[in-house]
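Reader: I would like to know what lies behind the terms used for this model. Please set each value against its definition.

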Amino acid sequence: MMKTVSTTGIIAVVPAAGIGSRMQSSCPKQYLSIGSKTLLEHSIAALIDHPAILGVIVALHPEDGRFQQLPIARDPRVSTVIGGTTRAESVLAGLAVIDPLVTQWVLVHDAARPCLVPQDLERLVELTTHSTVGGLLATPVKDTMKRAFAAEQRVQRSVERTDLWHALTPQLFPLSLLKQCLQQALEQGKEITDEASALELGGYQPILVEGRSDNLKVTRPEDLALAEFYLSQKNQ
Ligand SMILES: Nc1ccn([C@@H]2O[C@H](COP(=O)(O)OP(=O)(O)OP(=O)(O)O)[C@@H](O)[C@H]2O)c(=O)n1
Ligand SMILES: C[C@](O)(CO)[C@H](O)COP(=O)(O)O
């Protein structure tokens with residue numbers, strides 16, 4: 001059950017309908033546990049207690065049989081939708097059930113980013129006070145970046161890393177703008193790997209809000225132990 005109408009309130013969408021193939025785990029990676037909670041529960045927990053978050057919509061795989069077993073599934077602020085075959089379709093499925101009279105802003109956060117800290121979320125949420133486009137948490141590239149030849153592991157060239165950022169989540173945008181841009185991108189057959197890409201295709205320039213580099217996305221097997229370490233530091 002969503003809270004009452006709010007002009008600065010935000011609805012969060014957590015796309016959690018992936019299968020985590022790169023993780024090579026026995027279950028979808030969002031259901032791997034760190035401590036007593038799954039990655040998905042950690043990622044929702046990082047959002048739900050912020051005063052601006054009115055509710056969380058989790059996009060689930062059509063054959064998901066795990067979410068409803070989690071304690072968080074009984075939180076009245078949490079609801080679910082069936083996601084799509086791509087991240088963008090899963091996010092759109094979440095946007096589709098948001099009443100624009102309830103909120104003008106939507107935030108999207110990966111189910112596999114459990115290490116988000118309150119300070120970074122707060123800095124992103126502040127965009128609602130002065131931006132009409134929105135933006136995303138991001139962290140400046142620290143390594144030298146290489147562009148490989150297609151389908152080869154040979155360096156084609158180094159990529160200038162000045163002004164190069166890693167896009168993270170959450171990403172925060174006006175509900176109507178994100179919906180419009182995502183739908184246009186899909187209609188144009190564009191591959192969208194984050195929500196900001198859809199706005200960029202629409203000619204907008206989302207704001208980069210510098211966030212912590214330990215807000216990692218658990219993607220490959222070695223990421224789980226690192227996330228566990230970061231979470232242990234977060235609760236210090
Ligand atoms: N059709 C999809 C694909 C991905 N996601 C979600 O988008 C987030 C980021 O995607 P990614 O890390 O790529 O997760 P997976 O797609 O599950 O991983 P992989 O690409 O390794 O299969 C994850 O929370 C994932 O559950 C989703 O909701 N719907
Ligand atoms: C949204 C994202 O986490 C920003 O870096 C990233 O694009 C997700 O990519 P994935 O392949 O869906 O994990």
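Reader: What makes a residue count as being around ligand 1, and which come nearest?
Author: A residue is near a molecule if one of its heavy atoms lies within 4 Å of it. By that rule there are 19 residues around ligand 1, and Pro15, Gly20, Ser21, Arg22 and Lys29 come nearest. The model is predicted, so local features need pLDDT of at least 70 and side-chain atom pairs count only at pLDDT 80 or more, while totals for chains, interfaces and linings use all residues. Residues are numbered from 1 along each chain as its sequence is written, chains are lettered from A and ligands numbered from 1 in the order in which they are written, and side-chain values use heavy atoms, with hydrogens and water left out.

Reader: How much of ligand 1 does the protein bury?
Author: Taken alone, ligand 1 exposes 560 Å², and the protein buries 86% of that. Accessible areas come from the Shrake-Rupley method with a 1.4 Å probe; for residues, only the protein chains shown count as cover.

Reader: What makes the shell around ligand 1 polar, nonpolar or charged?
Author: Ala, Val, Leu, Ile, Met, Phe, Trp, Tyr, Cys and Pro count as nonpolar, Asp, Glu, Lys and Arg as charged, and the others, Gly among them, as polar. On that basis the shell has six nonpolar, eight polar and five charged residues. Strand E1 (10-16) and helix H2 (87-96) each supply at least two residues of this shell; helices (H or I, at least four residues) and strands (E, at least two) are DSSP runs, numbered from the N terminus.

Reader: Which space does ligand 1 take, and why is that space called a pocket?
Author: Ligand 1 takes the space of the largest pocket. On a 1 Å grid over the protein atoms alone, a pocket is an open set of points where a 1.4 Å probe fits, with protein on both sides within 12 Å along at least five of seven lines; lining residues have an atom within 4 Å of a point. A molecule sits in a pocket if more than half of its atoms lie within 2 Å of its grid points.

Reader: What contacts does ligand 2 make?
Author: An oxygen atom of ligand 2 lies 2.9 Å from a polar side-chain atom of Arg113, one is 2.7 Å from a polar backbone atom of Thr193, and one is 2.6 Å from an N or O atom in the side chain of Lys217. Alone, ligand 2 exposes 360 Å², of which the protein buries 75%. Its shell has one nonpolar, two polar and six charged residues.

Reader: Which peptide bond is cis?
Author: The bond from Thr169 to Pro170 is cis, with omega near 10°. Pro170 is found in strand E10.

Notes. Polar contact = N/O pair within 3.5 Å; in protein donor to acceptor, adjacent residues only side chain to side chain.
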